[in-house]
Amino acid sequence: MGSCDSCNSGNSGNSPECGGCSTEGGQTDISKANLSDDEKVKINMQRIAHKILVLSGKGGVGKSTVAVNLATALALQGRRVGLLDVDFHGPSIPTLLHLEGKRPEATENGLLPITIEGGMKVMSIGFLLQRPDDAVIWRGPLKIGAIKQLLGDVAWGDLDYLVIDFPPGTGDEPLTVAQTIPEADGAVVVTTPQDVSTIDVSKSVTFCRQLNIPVLGVVENMSGLICPHCSKLIDLFKQGGGEEMAKRMGVPFLGRIPLDPQIVQSSDEGRPFVYHHSNTEAAAAFQGIVEPLLDLR
Ligand code: ADP
């Protein structure tokens, strides 16, 4: 997947290969100029049918990888999808989609998300940093303001799904989004199978409960590895811990994704795994996890 030049030049729908993925804004957005941040968020979010938060209480469990591949799997099902990365301290979506160095264009309709091949719209705090290794050192109020802008000032247009990737934990970022868009459908909570992860990640479930965010389900990532040489299953990080945690916490379990070295490879290359390795067991697992999300009301 690459970015769609027509849409990114604000020339949406005007080239043969562009399906008009970025015809957002128009009159509604122009008339937003004098509105408060909260009002802009409200208007923007009314045009997005479903909002899904991707959370984890622990770093390194594959949360961003799951966010990218869930969003891509939804897009592959023909849905109009946006992907928002609010991980201020480690935005990895630009790398995972090979969009490093992209600069969203500021237009009178708002900041244009980067539209990639297939029509998915992407916005990351990483696009707004001067250099990729710049550190964001912000306290809560600054982050809250930036998140409201990413929801309200980005020209998302009409979408079926907005998938939002967060930093690990239960800090300002998920709290702000939960309070700013209380109508969000809910959270997908990502863990790996071992106790050191499930104990921390169960706190994300408690966080959702306290904020009345429905938990759409738990994803158990890095669940077993099929040996590429002998095809036997190796329980590198054990198996079943995420499912047990979901049961213990009384929330749905969405499925397991095995460890697959091709996920690392395609992530490093910035190529969404489910798109480029659609015939693998891990891609089938992602597709299975997405199924209940296709039926959200
Ligand atoms: P997080 O967002 O939780 O910090 P990332 O999505 O950045 O984690 O993933 C961390 C690393 O693990 C990345 O190198 C990614 O490619 C790799 N990874 C994630 N899921 C899998 C998987 N199922 N199999 C193999 N590698 C994975």
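Which side chain has an N or O atom 2.9 Å from a nitrogen atom of the ligand?

Author: The model is predicted. The side chain is that of Asn 221: one of its N or O atoms lies 2.9 Å from a ligand nitrogen. Asn 221 is also among the closest residues to the ligand, along with Gly 60, Lys 63, Ser 64 and Thr 65. In total, 16 residues surround the ligand.

Backbone atoms take part too. A polar backbone atom of Val 61 is 3.0 Å from a ligand oxygen. For Gly 62, a polar backbone atom sits 2.9 Å from an oxygen of the ligand.

Now to Leu 83. This residue belongs to strand S2, which covers residues 81-85. Leu 83 has a relative accessible area of 0%, so it counts as buried. Beyond its neighbours within four places in sequence, Leu 83 contacts Ala 67, Val 68 and Ala 71, among others. Its contacts also include Ile 93, Leu 97, Trp 156, Leu 162 and Val 163. Met 120, Lys 121, Val 122 and Met 123 touch Leu 83 as well. Lys 51 is 32 residues from Leu 83 in sequence, and their C-alpha atoms are 9.9 Å apart.

Last, a helix pair. Helix H3 (residues 37-46) packs with helix H6 (residues 140-152) at about 35°, and the axes are 8 Å apart. Their crossing is left-handed. H3 brings Asp 37, Asp 38, Lys 40, Val 41, Asn 44 and Met 45. H6 meets them with Lys 148, Leu 151 and Gly 152. By type, the residues of this contact are 4 charged, 3 nonpolar and 2 polar.

Definitions and conventions. Residues numbered from 1 in each chain as written. Predicted model: local features only at pLDDT ≥ 70, side-chain atom pairs only at ≥ 80, totals over all residues. Heavy atoms only, no water. Helix = DSSP H or I, 4+ residues; strand = E, 2+ residues; numbered from the N terminus. Buried < 20%, exposed > 50% of the residue type's maximum accessible area, 1.4 Å probe, protein only. Contact = heavy atoms within 4.5 Å. Axes fitted to C-alpha atoms, helices over the stretch in contact; angles between N-to-C directions. Left-handed = near helix turned anticlockwise from the far one by under 90°. Nonpolar A, V, L, I, M, F, W, Y, C, P; charged D, E, K, R; others polar. Near = heavy atom within 4 Å. Polar contact = N/O pair within 3.5 Å; in protein donor to acceptor, adjacent residues only side chain to side chain.
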